[in-house]
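Visitor: I've got a structure open and would like to learn how to read its features. Could you walk me through a few?

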Amino acid sequence: MAETDGTTRTPTAKTCLVTGATGYIGGRLVPELLAAGHRVRVMTRSPERLRDHPWAGQVEVARADAGDATAVAAACAGVDVVYYLVHALGTGKEFEETDRRTARVMAQAAREAGVGRLVYLGGMEPEDEELSPHLRSRAEVAEILLHSGVATVVLRAAVVLGSGSASFEMLRYLTERLPVMVTPRWVHSRIQPIAIRDVLRYLVGCATLPADVHRCFDIGGPDVMTYLDMMQRFAAVAGLPRRRILPVPVLSPGLSSHWVGIVTPVPASIARPLVESLRNTVVCAEHDIAQYVPDPPEGLLGFDEAVRLAIQRVKDQTVATRWSSASTPGAPSDPLPTDPHWAGGTLFVDEKTRETAASPQAVWRVVEGIGGETGWYSFPLAWEVRGWMDRAVGGVGLRRGRRSPSDLYVGDALDFWRVEELEEGRLLRLRAEMRLPGLAWLEFHVEQEHGRTRLRQRATFKPTGLFGTLYWWVLVPFHGPIFGGMVRNICRAAEEGTAAAVGERRARAA
C-alpha cells in the first residue's frame, strides 16, 4: 500500500478530482483514494468546510461551483480521473434542469482539459418501467457524460446501505419507531441494495480501468428483496420484534414522503425523490464490473452484515459522513455581518453574557457538545415546537442531530444549524438552516479575564422584508427564557461537570 502523505505513489497512481467532497459518498471516497496511493484534488464551493477533515492536509482544494464553467475548467486542469458525485437531490422542482446544466458543464470541462476518465455514481434504469424523476435525472446525467467525448464509467446502484446514508436513515427510523406500519405499494418493489463498502471499492477500482472501458455497470449486493423484507430483516438484525405491516395501496409517493419526513430525520424534500424511486424495480441486470474490479475473496457484503456494521457504527458514534454532510439545498451563504452597526441594512442582535467559576475548558466542553441528544439547555418544548414547525414547511427540523456527540467540524450539521466557524476552546458560530424570513446566526464565545470565565452568547438576525422584522419582534418576549436560560444552564452544566470531576479525583485519591 502506498503512503498517503504524498511522498510515495504507486506506479498506477492517478490524479483524481472528487466533486461533492463534502457529501456522503465523496467524503468517504477521498480517504479511500488516498489510501490507494492516488493524488486527490477536491472541488467544493466552500473550501473552509473541509479544513477539519482528517485528510484535509493531504489533498489539493479547488474552489468551484458545479455550474461555473470557468471554475470547473480550472479544477479539471491536469486531472486524470474525475469523480462526478454532484446531484441536486432535494432542491425542488427544478432539480432536473440543475442536474442537466451542471453535467454539461463538467462534460465540456473534462473534454477540453484532456481528462482521461469520468466516473459517475448513478441510479438503476429498469426496462419497461416509467422512471421516477430522480432516476430519470440520474439517467440523463449518465447520458450527458457518456457523450462527453471522455471515457466514462457509470456505476448504477439502488439503495446504498451505510451508517449515515439517507436511505439507511429512512430504513432505520421507519423500522425502529413504527412497530405497526401502514405502508404504500412501493414497499413491494424489488430492490438490490449494496453496502457502502462495496460502492467505495468499485469507485476506487474505476480509477485504473483500461482506457477503452466506456459504459454503464450495474452494481448491487448479493441480496434481492422488497422494502418490506428490508424492514423486517433490519428489525431482526437490530433485535426488534417483528414489525406488523398493513398495506394501504392509496398512499401516493407524495403522501409517503411527508410521512417519512415526520417519522425520520430525512426531510420531505429529500425523502420524496427517494420514495418515488422505490416504486421502480431496481435490480442488477448484469455483474460485468467483476471482470475489472473482482469481488473480494469473502464475497460482496450481504444485507444483514451491512446493516449490522452500520448499526454498530451508529452505536460506537464513529459515523464518518452523513446524508446531512452536504449543504442544505437553498441554504444561505451570506457572510455574517460582524459589526452591530452594519451598514447593509437592519440587523438585530441579542447578546447574553455570564461569568462562571468553571474553567474555560469545562465551559467549552459543554458548548461543543450542545444539540443532538444533549439538547439546547433551555426551554426544550420551545425548541421541539420550532423543529416541528420547520419540518411542516419543508425544513430540516431538529432531527439531523450531530455527527459526533463530543466534537464538531466546520461544516457539520447540528440539528437545524450548521457549524460555520469553530476556534477550538474559544468560538463556535452556527448558521441557521431552518426556514426563516431572513438569515440567523448563533455564536458562543468562551473568554477568560482576571481568573474568571465568561461565556458570551450572541444571536444575530438579518431580516428579509417587513415579515422578517415582524418575525424578530414577535419572538423578542421569548428571548429571555430561551437565550437567557441557555447561557445560564450551559455555565451551570460546566460547573456541575467540574464539581463531579473534582469529586471523582478525590475519591480515587482516598
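Visitor: Is Arg 51 buried, partly exposed or exposed, and why?

Guide: Some ground rules before that. This is a predicted model, where local features need pLDDT of at least 70, side-chain atom pairs count only at pLDDT 80 or more, and totals for chains, interfaces and linings use all residues. Residues are numbered from 1 along each chain as its sequence is written, and side-chain values use heavy atoms, with hydrogens and water left out. Now, buried means under 20% relative accessible area, exposed over 50%, and partly exposed in between (1.4 Å probe, protein chains only). Arg 51 has 38% relative accessibility, so it counts as partly exposed.

Visitor: Which residue forms a salt bridge with Arg 51?

Guide: The general idea is that side chains of opposite charge can pair when their charged atoms come close. The cut-off here is a side-chain nitrogen of Lys or Arg within 4 Å of a carboxyl oxygen of Asp or Glu. For Arg 51 the partner is Glu 421, with the closest N and O atoms 2.7 Å apart. The two sit 370 residues apart: Glu 421 is in strand β16 (residues 417–423), while Arg 51 is in the loop between β2 (39–44) and β3 (60–63). Strands, by the way, are DSSP runs of E, at least two residues, and helices are runs of H or I, at least four, numbered from the N terminus.

Visitor: How many salt bridges are there by this rule?

Guide: The count comes to 33. One of them joins Asp 218 and Arg 156 at 2.9 Å, N to O. Asp 218 belongs to strand β11 (residues 215–218) and Arg 156 to strand β6 (residues 152–157), so this pair ties together parts 62 residues apart in sequence. Asp 218 is buried, at 3% relative accessibility, and Arg 156 is buried too, at 16%.

Visitor: And which residues are linked in a network of salt bridges?

Guide: Look for Glu 351, Glu 355, Glu 447, Glu 449, Arg 452, Arg 454 and Arg 456.

Visitor: Let's turn to helix packing. At what angle do α1 and α6 pack?

Guide: Axes are lines fitted to C-alpha atoms, for helices over the stretch in contact, and angles run from 0 to 180 degrees between N-to-C directions. Helix α1 (residues 24–35) and helix α6 (residues 196–205) pack at about 60°, their axes 10 Å apart. That makes α1 oblique to α6, since angles under 35 degrees count as roughly parallel, over 145 as roughly antiparallel, 65 to 115 as roughly perpendicular and the rest as oblique.
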